[in-house]
Amino acid sequence: MIFLTVGTQLHFDRLVRAVDEALATRPQIEVIAQVAEGNYRPSNMQYTPFLEPTVFEKRFEQATHIIGHAGMGTIIQSLLQCKPILIMPRIADLGEQRNDHQLATARRFRGRAGVLVADDEKKLPGELDALLELSESQPIDEFANPQLIAWIRQFIAS
């Protein structure tokens, strides 16, 4: 099962629509989605606007793969749980976000083992197929790198 999440602050109809349309020709793929309060209503996957935190965690843990916006919370959670993730960044010019920080996030994670990036909805179907080829992502540590912590301490102290 793939878990699609758009986060809890803003809907992301462009991502939800792209996944839903891709599923129309991939009926064997099960997707459960958390879509926020958007206008688009999927027809090829189960969805709900929001999930209670415990239900959200359960869906995340049950999923074999994750699809989401390029939000750090979703990306970090998927990497901590070694779940391959496909991200599509929100675009400020499309009214999906106040700035384009998700484009920078997507650029930073592009090429990392277990992380795939669909730059737009046209590229999503191919990246969805590639996602299903991945069995797990490269794990990350739960805590920040000690060298980074030391550098931050030194920076603050100076």
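Author: A residue is called buried under 20% relative accessible area, exposed over 50%, and partly exposed in between, with a 1.4 Å probe and protein chains only. The model is predicted: local features need pLDDT of at least 70, side-chain atom pairs count only at pLDDT 80 or more, and totals for chains, interfaces and linings use all residues. Residues are numbered from 1 along each chain as its sequence is written, and side-chain values use heavy atoms, with hydrogens and water left out.

Reader: Is Ala-36 buried or exposed?

Author: Ala-36 counts as buried because its relative accessibility is 2%.

Reader: What is the phi of Ala-36?

Author: Most residues other than glycine have a negative phi. Ala-36 has a positive value, near 65°, and sits in the loop between S2 and S3. Helices (H or I, at least four residues) and strands (E, at least two) are DSSP runs, numbered from the N terminus. Cys-82 also is not a glycine and has a positive phi, about 55°. Cys-82 belongs to the loop between helix H3 (72-80) and strand S5 (85-88). With 23% relative accessibility, Cys-82 counts as partly exposed.

Reader: In what order do the strands of the sheet stand?

Author: Two strands pair if DSSP finds at least two bridges between them. Here six strands make an open sheet with parallel pairing, in the order S3-S2-S1-S4-S5-S6. Strand S3 (46-48) and strand S6 (115-117) are at the edges with a single partner strand each, so one side of each has no neighbour in the sheet. From one strand to the next, the twist averages 20°; axes are lines fitted to C-alpha atoms, for helices over the stretch in contact, and angles run from 0 to 180 degrees between N-to-C directions.

Reader: How many bridges join S1 to S4?

Author: Strand S1 (residues 2-5) and strand S4 (residues 65-69) run parallel and are joined by four bridges. Leu-4 has Ile-67 as its bridge partner in S4.

Reader: Which helix lies across S1, S2 and S4?

Author: Helix H2 (residues 53-62) does, running at about 135° to S1.

Reader: Which residues is Gln-34 in contact with?

Author: Contact means heavy atoms within 4.5 Å. Leaving aside neighbours within four places in sequence, Gln-34 has contacts including Phe-3, Leu-4, Thr-48 and Phe-56. Gln-34 lies in strand S2 and, at 1% relative accessibility, counts as buried. Its C-alpha atom is separated by 11 Å from that of Glu-52, 18 residues apart along the chain.
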